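Have the model open beside you as you read.

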Amino acid sequence: GMIYSQLLPYCDTAYITKFDKSYEKDAFFPNLDENPDWELVSVGEPQISNPETDSDPNLVFSFCTYKRK
């Protein structure tokens, strides 16, 4: 998580995968929705994990792109 925070000032684009489920975690990426310096510019169609190959079947997720303002 500390690496994310240290390198984010050098980025102008962030590609984020958002899941419709929360997991126990020990590292966090800054919430760009709450940061006025960033703008959500695209959200892909929702995807669903493959129940035959993925450990968490039918997990819904989306690919999002943020740009620095």
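Predicted model: local features only at pLDDT ≥ 70, side-chain atom pairs only at ≥ 80, totals over all residues.

The sections below go through cysteines, core, surface patch and salt bridges in turn.

How many disulfides does a search of the whole structure find? The search comes up with 0. The reason lies in the spacing: the sulfur of cysteine 11 has its closest cysteine sulfur in cysteine 64, and because the two are 16 Å apart, they are too far for a bond. For comparison, a disulfide calls for sulfur atoms within 2.5 Å.

Their surroundings can be described too. Cysteine 11 is partly exposed, at 31% relative accessible area, whereas cysteine 64 is buried, at 4%.

## The nonpolar core

Cysteine 64 does have a place in the largest nonpolar core, which has 7 residues.

Once neighbours within four places in sequence are set aside, leucine 32 touches Leu8, Ala14, Trp38 and Tyr66. Leucine 8 sits in the loop between α1 and β1 and is buried, with a relative accessible area of 10%. With the neighbours within four places again left out, leucine 8 is in contact with Phe29, Pro30, Leu32, Trp38 and Arg68.

Which residues make the nonpolar surface patch of about 390 Å²? They are Ile3, Leu7 and Tyr10. Tyrosine 10 lies in the loop between α1 (2-7) and β1. This tyrosine counts as exposed, at 71% relative accessibility.

## Two salt bridges

The model has 2 salt bridges. In one, lysine 18 pairs with aspartate 33, with the closest N and O atoms 2.8 Å apart. That pair links distant parts of the chain, 15 residues apart: lysine 18 belongs to strand β1, and aspartate 33 to the loop between β1 and β2 (38-43). Both partners are partly exposed, lysine 18 at 29% relative accessibility and aspartate 33 at 48%.

Lysine 21 and aspartate 56 also meet through their side chains in a salt bridge, at 3.0 Å from N to O. Here the partners are 35 residues apart, with lysine 21 in the loop between β1 and β2 and aspartate 56 in the loop between β3 (47-48) and β4. Lysine 21 is partly exposed, at 42% relative accessibility. The C-alpha atoms of lysine 21 and leucine 8 are separated by 24 Å, and these residues are 13 apart along the chain.

Definitions and conventions:
Residues numbered from 1 in each chain as written. Heavy atoms only, no water. Buried < 20%, exposed > 50% of the residue type's maximum accessible area, 1.4 Å probe, protein only. Core = buried A, V, L, I, M, F, W, Y, C linked by side-chain atoms within 4.5 Å. Contact = heavy atoms within 4.5 Å. Patch = residues over 30% accessible without salt bridge, like charges linked within 9 Å, V, L, I, M, F, W, Y side chains within 5 Å. Areas by Shrake-Rupley, 256 points an atom, 1.4 Å probe, with all protein chains shown as cover. Salt bridge = Lys/Arg side-chain N within 4 Å of Asp/Glu carboxyl O. Helix = DSSP H or I, 4+ residues; strand = E, 2+ residues; numbered from the N terminus.
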